[in-house]
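Dear colleague,

My notes on what was found in it follow directly after it.

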Amino acid sequence: MHTPIAPTEGTQHAQSSDVTSAANLDLYSDEELVKKLPGFTNHYVTVNGIRLHYVEGGSGKPLICLPGWPQTWYSYHPIATQLAQHYRVIILDIRGMGTSDKPSSGYDKKTMAQDVYALTQLLGLPKVALLGHDIGGMVAMSFAFNYPEAITKVILADGGYPSEGMRHMSMLPAPGTFEAKMDGNNPYMWWMSFNQIKELPEQLLAGRFRYVLDWLFRYVMIDERHMTEFDRQVYAAAYNQPENIRAANAWYQTFNQDMEDATTYPRLTMPVLGIGSYVAYNNMRMGLPYVAENLEVIGLLDSGHYMFEEKPAQVVEAVLNFLQ
């Protein structure tokens, strides 16, 4: 059972000075962070024309883990060592994330899946399992659509592939649904639109991204105390940089291309597991059957979107049961 984390002072306030000095930024470097995961090591490789960063630990069959917005590979730290007791765990900073390259293009999920596939080929992995959270789930699904012969099983943690339903999201929240916590039945995700805007977000948020992080964690988590002060500093240190904001928003700005690509994809036939928090379970339960034949969807309804932090033991149990 996961021990509750005591409240951390200051998590309601943005932009701590801790992330402004070079000395403190070193605390959040890949080299320092990987020390918190016994048995894991840092790696940097060039594939598909870009340099990618990943961490790796454990042995056995390969499990590639893909994070989401607005986090980095470090988001897997609550579950990585447990998974590594059973599998060779490779946690990737996807294109535009963390210390991976942030080119001017290539943020459609088909190209990002090519990045992951090229990495598997470089590492000599003919078949892998994929675990994707949030945006990472979109990339995992694109990999499955485009390289079905190279994948054994897919796990989506509050993730799915961009769909036409996004075009029908409300510009205004329904009365009474936009409160302190996200309404699981009527989720209002204003950032899906905000992140479509080019240049302005990085102008507004460079050096100030902690405001977004604190608000978001408070809104989409049931108990935001599980996102520690240190965690928040790690992600603020990454996303305070204008280029990182620009690249992460590009994941959203390619949704139209992703939807067009999806018109050519058949339904997935390999086993797919959807793990839905209270904010995503209903959408996953209704949407995933359209794209996957061999599907199981389970709900972690006592968790918010950042389930690795809120319910790590339940996530690990679900993943291991599915992969065995």
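In these notes, contact means heavy atoms within 4.5 Å. This is a predicted model, in which local features need pLDDT of at least 70 and side-chain atom pairs count only at pLDDT 80 or more, while totals for chains, interfaces and linings use all residues. Residues are numbered from 1 along each chain as its sequence is written, and side-chain values use heavy atoms, with hydrogens and water left out.

I begin with two methionines. Methionine 182 is located in the loop between E6 and H6; helices (H or I, at least four residues) and strands (E, at least two) are DSSP runs, numbered from the N terminus. Setting aside residues up to four places away in sequence, methionine 182 touches Pro187, Tyr188, Met189, Trp191, Tyr219, Val220, Tyr278 and Val279. Its relative accessibility is 5%, so methionine 182 counts as buried. The terms here are buried for under 20% relative accessible area, exposed for over 50%, and partly exposed in between (1.4 Å probe, protein chains only). Between methionine 182 and glycine 58, which are 124 residues apart along the chain, the C-alpha atoms are separated by 36 Å.

Methionine 189 also lies in the loop between E6 and H6. With 24% relative accessibility, methionine 189 counts as partly exposed. Apart from neighbours within four places in sequence, methionine 189 is in contact with Met169 and Met182. Methionine 189 and arginine 267 are 78 residues apart in sequence, and their C-alpha atoms are 27 Å apart in space.

Next, the aromatic residues. Rings of Phe, Tyr and Trp (its six-membered ring) pair if their centres lie within 6.5 Å; planes under 30 degrees apart count as stacked, over 60 as edge-to-face and the rest as tilted. By this rule there are 24 aromatic pairs. In one of them, phenylalanine 178 and tyrosine 188 have ring centres 4.8 Å apart and planes at 70°, so the pair is edge-to-face. Both residues lie in the loop between E6 and helix H6 (191–194), so the pair ties together parts that are ten residues apart in sequence. Phenylalanine 178 is partly exposed, at a relative accessible area of 34%, whereas tyrosine 188 is buried, at 13%. Ring pairs also link these two into a cluster with Trp69, Trp190, Trp191, Phe194, Trp215, Tyr219, Tyr252 and Phe255.

Lysine 36 lies over the face of phenylalanine 230, at 4.7 Å from the ring centre. The charged end of lysine 153 is placed over the ring of phenylalanine 322, 5.0 Å from its centre.

As to the sheet, eight strands form an open arrangement in the order E1-E2-E4-E3-E5-E6-E7-E8, with mixed pairing. Two strands pair if DSSP finds at least two bridges between them. The edge strands, each pairing on one side only, are E1 (41–47) and E8 (295–300). On average, neighbouring strands of the sheet are turned by 20° against each other, direction ignored. Axes are lines fitted to C-alpha atoms, for helices over the stretch in contact, and angles run from 0 to 180 degrees between N-to-C directions.

E1 and E2 run antiparallel and are joined by seven bridges, with tyrosine 44 opposite histidine 53 in E2. Their hairpin has two residues between the strands, and asparagine 48 takes a positive phi near 55° there. Strand E2 (residues 50–57) is also antiparallel to strand E4 (residues 88–93), through five bridges. Here valine 55 stands opposite isoleucine 91 in E4, and tyrosine 54 faces leucine 92 in E4. Seven of the eight residues of E2 are buried, so this strand is largely enclosed by the rest of the structure.

Finally, the helices. Helix H4 (residues 109–122) lies across E1, E2, strand E3 (62–66), E4 and strand E5 (128–133), at about 110° to E1. Helix H5 (residues 135–146) lies across E3, E5 and strand E6 (151–157), at about 150° to E5. The axes of H4 and H5 come within 8 Å and cross at roughly 75°. That makes H4 roughly perpendicular to H5, on a scale where angles under 35 degrees count as roughly parallel, over 145 as roughly antiparallel, 65 to 115 as roughly perpendicular and the rest as oblique. Among the residues that meet across these helices are Val116 and Tyr117 in H4 and Val139 and Phe143 in H5.

Yours sincerely

Conventions: A charge sits over a ring if NZ of Lys or CZ of Arg is within 6 Å of the ring centre and within 35 degrees of the ring normal.
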